[in-house]
Amino acid sequence: MATTTTAFSFSSSSSFAASLAFFLLLSLNTANGDGTFGVQQQLHFHTVQLSSLFPADSCSPAPSTKGLNKLPVFHKHGPCAQAQQLTSTANQPKPTADEILRQDEFRVQKIQSRSRKAAAAGADDVRVTDSTTIPAKDGSTVGSGNYIVTVGLGTPAKKLSLIFDTGSDVTWTQCQPCVRSCYQQKEKIFDPSSSKTYRNVSCEAAACSALAAATGNRGCSASTCVYGIQYGDASISAGFFAIEKLTLTKTDVVDEFYIGCGQNNQGNFGGAAGLLGLGRNQLSLVSQTSDKYKKLFSYCLPSSPSGTGFLTFGGGATKSAVKYTPIASVAGGDNFYGIGITAISVGGKKLPVAASVYSAAGAIIDSGTVITRLPPAAYSALRSAFRKQMSKYPLGQALSILDTCYDLSKFKTFAVPKIGFFFAGGAEVDIDAVGILYANKPSQVCLAFAGNGGAKDVAIFGNVQQLTLEVVYDGAGGRIGFASGGCK
């Protein structure tokens with residue numbers, strides 16, 4: 001094959017730099033034969049090992065938490081939770097991807113329904129319940145979440161695995177006796193009669209009245225306060241509202257903690273013993289411990305269900321620089337953590353979407369929603385840009401709400417365009433490679449974003465996009481921060 005040689009002469013260092021830049025630009029469009037790119041791969045693409053998108057069968061070793069105020073975080077369906085016997089698996093088979101995404105859609109619809117109703121009416125609909133009835137269907141608006149931590153409850157402390165959820169406020173666990181029903185959990189169901197520090201809350205207590213704003217339900221059984229919650233996926237918990245001792249770590253104990261003692265519990269809690277509420281309402285763990293932790297907590301969700309993350313209160317875990325954005329107001333979302341999305345980039349280029357598209361209904365960040373939901377116009381632009389930059393890979397079958405999937409079964413390594421989020425206040429956050437894709441199988445690896453039904457539906461920054469980021473919630477400072485590389 002003949003070779004053509006072209007000679008160039010340079011009259012100055014600036015012209016040499018310009019020519020060098022020209023050659024670099026040419027190289028950006030040069031694809032390698034293995035599905036990756038050359039220089040472009042390093043600038044605006046992630047190089048991904050296909051095998052890294054699927055969890056291992058065994059639990060990865062947890063990072064050391066010695067001397068730190070950290071609670072290990074596990075995925076409730078992952079091998080770490082199973083290995084440490086934190087959740088029951090005997091009658092709790094791992095849900096399919098379709099089931100997970102369907103439950104996720106229930107949660108999102110409930111969140112958005114509450115936001116629309118609040119925007120229209122300006123108030124929540126509060127219902128009355130008792131310890132054995134199913135809560136009002138339009139009460140609480142969130143589902144059951146995905147990640148669990150282990151805490152101690154009572155005196156002596158009994159270890160319980162609870163789902164932590166920034167979209168919920170009231171912390172609860174299943175309690176003996178189960179008046180109607182309790183789902184199966186790995187740990188022994190908490191028995192309040194065996195604790196020296198348990199006591200019920202009276203109907204006259206201010207905390208009982210506060211249940212209305214936290215759950216949408218309030219009631220009494222005789223003189224005892226009763227709570228009731230129905231989540232977005234139709235899971236429920238109802239029972240007595242109580243005060244108990246909560247042990248987070250050996251050195252972090254909350255002596256007077258308001259908690260729900262569930263007498264009737266049904267739903268998709270994956271065998272966890274209940275829920276740890278980290279929302280913004282006065283009854284959340286964050287608010288109840290505000291004197292001690294100043295409404296400051298952070299977490300990092302591991303890159304895989306076989307990995308381990310952390311949840312920490314009061315700060316101290318962050319090692320890298322944190323990029324902050326102000327907590328924003330969202331219609332009907334006073335209990336949620338609002339964020340202001342201003343732009344999104346794909347492959348280093350911002351989408352041609354006006355900031356007003358994102359602000360029309362606002363957005364929240366939620367630890368329990370799986371897939372990020374975007375305004376229709378924003379999602380359409382993101383999908384178009386992503387598909388264009390992934391055109392070398394064959395499309396695969398759609399997966400539930402995910403309509404942009406690829407068949408990567410013939411690739412060991414592939415390149416995926418980087419996606420970045422821009423938030424109010426100037427924060428720029430790059431999503432980790434594992435936060436861009438949702439993999440069901442090698443022939444079905446999907447873009448992990450979905451569009452809302454309408455422009456007036458609140459957007460949600462879901463937990464897939466939060467993977468490996470340390471997310472810092474500074475309630476007292478009115479801000480939310482992101483630090484890359486928080487965990488693996």
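This is a predicted model: local features need pLDDT of at least 70, side-chain atom pairs count only at pLDDT 80 or more; totals for chains, interfaces and linings use all residues.
A residue counts as buried here when its relative accessible area is under 20%.

In total, the structure holds 19 aromatic pairs. One of these joins Tyr293 and Phe313, with 5.6 Å from centre to centre and 35° between the planes, a tilted arrangement. Because Tyr293 lies in helix H7 (residues 290–293) and Phe313 in strand E14 (residues 309–313), this contact ties together parts that are 20 residues apart in sequence. Tyr293 has a relative accessibility of 5% and therefore counts as buried; Phe313, at 3%, is buried as well. Ring pairs also connect these residues into a cluster made up of Phe164, Tyr293, Phe297, Tyr299, Phe313, Tyr337 and Tyr473.

Aromatic rings also meet charged side chains. The charged end of Arg479 sits over the ring of Tyr324, 3.6 Å from its centre. In a second case, the charged end of Lys350 is placed over the ring of Phe422, with 4.4 Å to the ring centre.

Four strands, in the order E18-E17-E23-E24, form an open sheet with antiparallel pairing. Strand E18 (349–350) and strand E24 (428–430) stand at the edges with a single partner strand each, so one side of each has no neighbour in the sheet. Strand E23 (residues 419–423) pairs with E24 over three antiparallel bridges, and Phe421 has Val429 in E24 as its bridge partner. Helix H9 (residues 376–389) packs on this sheet, where it touches strand E17 (341–346) and E23, and the direction of H9 makes about 15° with that of E17.

Seven of the 10 residues of helix H5 (residues 206–215) are buried, which leaves H5 mostly covered. The buried residues of H5 are Ala207, Cys208, Ala210, Leu211, Ala212, Ala214 and Thr215. Their cover includes strand E8 (217–221), strand E9 (224–230), strand E10 (236–249) and strand E11 (252–266).

Two of these covering strands, E10 and E11, form a hairpin with two residues between them. They pair in the antiparallel sense over 12 bridges, and within this pairing Ala238 stands opposite Asn264 in E11. E11 also pairs with strand E6 (residues 172–174), here in the parallel sense and over three bridges; Trp172 faces Gly260 of E11.

Turning to the protein as a whole, the secondary structure comprises nine helices and 30 strands. Of the 488 residues, 53% count as buried. Among contacts between residues at least 6 apart in sequence, 73% join residues at least 24 apart. The accessible surface comes to about 20600 Å², and 52% of it belongs to carbon and sulfur atoms.

Technical notes: Residues are numbered from 1 along each chain as its sequence is written. Side-chain values use heavy atoms; hydrogens and water are left out. Rings of Phe, Tyr and Trp (its six-membered ring) pair if their centres lie within 6.5 Å; planes under 30 degrees apart count as stacked, over 60 as edge-to-face and the rest as tilted. Buried means under 20% relative accessible area, exposed over 50%, partly exposed in between (1.4 Å probe, protein chains only). A charge sits over a ring if NZ of Lys or CZ of Arg is within 6 Å of the ring centre and within 35 degrees of the ring normal. Contact means heavy atoms within 4.5 Å. Accessible areas come from the Shrake-Rupley method with a 1.4 Å probe; for residues, only the protein chains shown count as cover. Two strands pair if DSSP finds at least two bridges between them. Axes are lines fitted to C-alpha atoms, for helices over the stretch in contact, and angles run from 0 to 180 degrees between N-to-C directions.
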